[in-house]
Amino acid sequence: MASRSYAACVRTVCRGMSAAAHPQVDFLKGEVHRKHPGVTNLKTLRLPDELQMAARSIIHRAQVTRLADQARSLTNFLWSRKRRVEDSNLRQKAVSLEKELWEKAMEKRGDIDEQALEDRIRRKVFSELRRTTYHWTPMKYDEELGVVYMAARLAGGYAAVRRAMNEIKKRDPSFAPQTLLDFGSGLGTVAWASHSCWANTLKEMVCVDSSGPMNILAERLLKGDDERAEPHIKHVYYRQFLPVSPKVQFDLVAAAFTLSELPNVKDREEAVMTLWRKTSSYLVLVENGTKEGHQMLMEARDTLLKKQEKMVHDPRPASVFAPCPHELTCPKLASEPMTPCNFQQMYQPLLPGHNMQQTEKFSYLILSRSERAQPETEGVDWARLTAPVQRRTRHVHCRMCCPDGQLQHLVVTARKHSRDVYRCARSSDWGDQLPIIQKVDEDAQSDSE
């Protein structure tokens, strides 16, 4: 029996073949090429009018000095933020450094007071660790810092979450969530982005954030900065702690830019497991598009795919819905040098300025309670575009993550890959999915027999 490996499919596609040699596969489902089923990118986003007007009103009334400069500094700080060094790694580093210093001291040893030498080595170890270790501190928002955060991150955060939610809306049009849980809700961007997608079905949104000032700001945004007004989005409830009962589930659960606020890997793992217990359909995680953000999402992915809970309330296992086209080890983590798997969304900033179009670079992960869906069209796999598409005369350069867990650089032409695939490639961009028609050549078949 022939083995139909994905590598063989790609190898076949890469060989020169006439368009007629390709099987006729209807993966377009009646759509034009520029709207093919793999397109999930959005055009330049702007905040909902009600949200933008409320945010600008709050900023105007707050009268924060040098707001633009403070917002820029906070943006840079949050982007460059790293995870706290784990205690075990710190101890290991201290032991290694102490051993190295003792070996050097022994080589030069004369009549030295061992106690004095030990004290000197200990002080040097502490000094070196303080100098070289990243000092992670939790973010504590008061009202003024919350306004600065709003100016810095409201529009970009909304754009990232809205783009991630669009993946579900486009690929699962029958999904009609009635309940939402947002963990680490901050200014409420998840509620606004979800309302933009499913305003007609959402009946309850629970926003959880430990910061009281942030919850107050989020409520002011909902009411248009008028405490006597009705909230623009109904049935939004703010809490400082997650609902206790493990049996209470929500159709849609999200945590945007939240994992990076948890102090260690154990807390992140427990948070992800708790959120998954509360997920009825989809769990959406969004982080900065940095190495740190991507690695935290891959930690969460491994936790939910590989670890078993002692007490299971919902036996349906996790499956990766997006962006990964597979559930194997992320090839980006193994690449040298390591580059994050990230995507971008254009948006209009909250504060008016010279640049009226900015780019939010983010990483995201969506997990589903449903089994990993098989391709709707037999003979077609979908790969994820992991870099900007480079369009050239009669060919397109596509860098993709493929269903076999490998990164591929494919040069797509109409002659090699069919006119439909080529036109789809020209219409696609970074973050979209690209159809790959499976076809095993005779050489590959004979090799595997």
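What percentage of the 449 residues in the protein do buried residues make up? Buried residues make up 48%, where buried means under 20% relative accessible area, exposed means over 50% and partly exposed lies in between, computed with a 1.4 Å probe on protein chains only. This is a predicted model, in which local features need pLDDT of at least 70 and side-chain atom pairs count only at pLDDT 80 or more, while totals for chains, interfaces and linings use all residues. Residues are numbered from 1 along each chain as its sequence is written, and side-chain values use heavy atoms, with hydrogens and water left out.

The protein has 14 helices and 13 strands; these are DSSP runs numbered from the N terminus, with helices being H or I over at least four residues and strands being E over at least two. Among contacts between residues at least 6 apart in sequence, 78% join residues at least 24 apart, a contact being heavy atoms within 4.5 Å.

The interior can be approached through its nonpolar cores, each of which is a set of buried Ala, Val, Leu, Ile, Met, Phe, Trp, Tyr and Cys residues joined through side-chain atoms within 4.5 Å. The largest nonpolar core has 66 residues, of which M150, M165, I168, L252, V284 and V286 touch the most other members. Helix α6 (residues 143-171) gives the most to this core, with 15 residues. A second, separate core of 27 residues includes A255, A271, M296 and C330. V286, once its neighbours within four places in sequence are left aside, is in contact with A160, A164, A255, A256, F257, F362, S363 and Y364.

Helix α7 (residues 189-198) is largely enclosed by the rest of the structure, because eight of its ten residues are buried. The buried residues of α7 are T189, V190, A191, W192, A193, S194, C197 and W198, and what covers them includes α2, α6, β1 (179-183), β2 (204-208), α8 and β4 (250-256).

Two packed helices are described by the angle between their axes and the distance between the axes. Here the axes are lines fitted to C-alpha atoms, for helices over the stretch in contact, and angles run from 0 to 180 degrees between N-to-C directions. Helix α2 (residues 49-62) and helix α8 (residues 212-222) pack at about 125°, with their axes 8 Å apart. That angle makes α2 oblique to α8, given that angles under 35 degrees count as roughly parallel, over 145 as roughly antiparallel, 65 to 115 as roughly perpendicular and the rest as oblique. On the α2 side the contact is made by L51, A54, A55, I58 and R61, and on the α8 side by L217, R220 and L221. These residues divide into six nonpolar, no polar and two charged, with Ala, Val, Leu, Ile, Met, Phe, Trp, Tyr, Cys and Pro counted as nonpolar, Asp, Glu, Lys and Arg as charged, and the others, Gly among them, as polar.

A further helix pair is formed by α4 (residues 87-107) and α5 (residues 114-132), whose axes come within 10 Å and cross at roughly 135°. The helices α4 and α5 are therefore oblique to each other, and their crossing is right-handed. The contact residues include L90, L97 and W102 of α4 and L117, I121 and L129 of α5; the residues of this contact divide into eleven nonpolar, one polar and six charged.

Helix α3 holds L74, which counts as buried at 8% relative accessibility. L74 touches M139, L145, V148 and Y149, not counting residues up to four places away in sequence, and its C-alpha atom is separated by 9.0 Å from that of R153, 79 residues away along the chain.

Several loops carry backbone exceptions. Most residues other than glycine have a negative phi, and most peptide bonds are trans. In the loop between α2 and α3 (67-80), Q63 has a positive phi near 50° and is exposed at 56% relative accessibility. R394, in the loop between β10 (390-392) and β11 (395-401), has a positive phi of about 60° and is exposed as well, with a relative accessible area of 68%. The peptide bond from A322 to P323 is cis, with omega near 0°, and P323 lies in the loop between β6 (319-322) and α11 (331-334). A cis peptide bond also joins E336 and P337, with omega about -10°, and P337 is placed in the loop between α11 and β7 (343-347).

Technical notes. A crossing is left-handed if the near helix is turned anticlockwise from the far one by less than a right angle, and right-handed if clockwise.
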